[in-house]
Amino acid sequence: MPFPLSFADDAAPSHPLHLVCPETLPDWVGGPGADWAGWLAASGFKAGLGELCLLPGKEGVAGAIVGLGTAQARARTRFGVAKSFSSLPAGTWHLAGTLSEMDAKEAALAWLLASYSFDRYRPAKAKADQPRLKLPNGVERETVLAMAEGEFLTRDLINTPASDLGPQELQEAFFALAGRFGATASAIVGDDLLAHNFPMIHAVGRASSRAPRLLDLRWGDEGPLLTLVGKGVCFDTGGLDIKPASGMLEMKKDMGGAATVMGLALMIMRLGLPLRLRVLVPAVENSISGSAMRPRDILTSRKGLTVEVNNTDAEGRLVLADALAYACEEEGATIISMATLTGAARVAVGPDLAPFFADDPSLATAIEAGAIAGFDPVWRLPFWDPYEAMIEPGIADLDNAPSGGFAGTITAALFLRRFVNTPRYAHFDIYGHVPSAAPARPKGAGGQGARAILYALPGMLGL
């Protein structure tokens, strides 16, 4: 994390930061902005989304005005107001005027998220001073700080290359998170996975010199049980069905599911939500050696279902399957899995949306509402039962990579559902990567779905 996340002291002297949309700009210029009417006209300010104009005063800068853009522009660009923040001069600022609760919350979260930089390998250029923002009226301080810190943890983990973040290092980050909040954490490592009946986690990770493991965190003593399961493939060569070089370039992000559930766990624990939390992360590296699993191998899972490996590059669902079966051995849990699972999800909805699956209508409705409240877009796809036959190869119970190329995201989700024995289950097929820099989301790692789930928890769990 680049620096402690915080807002400026409420009592500190500050400059006003006026947020104005094109429709209200004439009223603002004719009212509180009358002194700058000529200046704005000369500057050509039109209140476009993220457009910034500094307002002169007798002693320098008297304030600034930022465009909110049209409703259409805001719909097309999340956190668009953040485009202006990096151009503000040093000092303390406050949002001025009347803002809706959503606009104020979006601006506050955007301010924090826009401050992120990944400087582990190339230190960022130090600035003498940074602009600071007072917490906007009506915004819950701890919630927005927790969301930003959780996102920063997710980004840091995904951005770290596999040379410095293998299964052992992911375990260290996992244990550090547990230790900070007084949670308990444990790990089952290497051949102990076989002794404890996690055969598919072991099969995927056994070819690497870095031992596979299952990480397990527990926090909270009372309330409903929420179990988060995150895919922790720290690097994916594709195994013997090796990826082309271009296909490996972003594979450090294949532990994005683990990073995202860890970020969400941080949010939950920091906010002290009244629930019992469990986090399971199968952490492996899908490598190539003489002990690698082979195409057409048949694995017997923890649940007892047999799986024909028709593509060693479809390994994420294998490690998740054992972890999900384990999660279901504890009664009463609401279970959520998150994984960078299929390229088909990107083909279907692109990099911005996180597709999710849920059979329980109340669960799905809560997640969709949470996505709006958390500025974290998701899109529901179906557990389409007629496609079940596509994941049944005949020689084994399940096929990890059905042929034909159709509905790859859905068939992967159906595969996972076979290992879950509760309707209180949702699965997210995330991307975990921002391909081009966007407001408050620099190119590189990006969390998806965590804020939507955070805001969905009251409806999902009855908090």
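1. Is Arg120 buried, partly exposed or exposed? Arg120 counts as partly exposed, at 48% relative accessibility; in this scheme buried means under 20% relative accessible area, exposed over 50% and partly exposed in between, with a 1.4 Å probe and protein chains only.

2. The basis of the note is as follows. The model is predicted, so that local features need pLDDT of at least 70 and side-chain atom pairs count only at pLDDT 80 or more, while totals for chains, interfaces and linings use all residues. Residues are numbered from 1 along each chain as its sequence is written, and side-chain values use heavy atoms, with hydrogens and water left out.

3. Across the whole structure, 25 salt bridges are found, each being a side-chain nitrogen of Lys or Arg within 4 Å of a carboxyl oxygen of Asp or Glu. In one of them Asp164 pairs with Arg120, with the closest N and O atoms 3.9 Å apart. This pair links distant parts of the chain, 44 residues apart: Asp164 is in the loop between α5 (141-159) and α6 (167-180), and Arg120 is in the loop between α4 (101-113) and β5 (131-133). Helices (H or I, at least four residues) and strands (E, at least two) are DSSP runs, numbered from the N terminus. Asp164 is partly exposed, at 30% relative accessibility.

4. Arg417 and Asp385 form a salt bridge in which the closest N and O atoms are 2.5 Å apart. Arg417 belongs to helix α14 (residues 408-417) and Asp385 to the loop between β15 (378-380) and β16 (398-399), so the pair ties together parts that are 32 residues apart in sequence. Arg417 is buried, at 17% relative accessibility, whereas Asp385 is partly exposed, at 45%. Both belong to a network of salt bridges that also includes Asp359, Glu388, Glu392 and Arg418.

5. The search also finds four cavities of 30 Å³ or more. A cavity is a set of points, on a 1 Å grid over the protein atoms alone, where a 1.4 Å probe fits but cannot get out; lining residues have an atom within 4 Å of a point. Points are joined across faces, edges and corners, and a volume is the space filled by probe spheres set on them.

6. The largest cavity holds about 170 Å³ of space. Its lining comprises 17 residues, with Arg78, Val434, Arg441, Gly447 and Gln448 nearest the centre.

7. The second largest cavity has a volume of about 70 Å³. Helix α4 gives the most to its lining, with three residues.

Terms used
1 Å grid on protein atoms, 1.4 Å probe; cavity = no way out; pocket = protein on both sides within 12 Å on 5 of 7 lines; lining within 4 Å.
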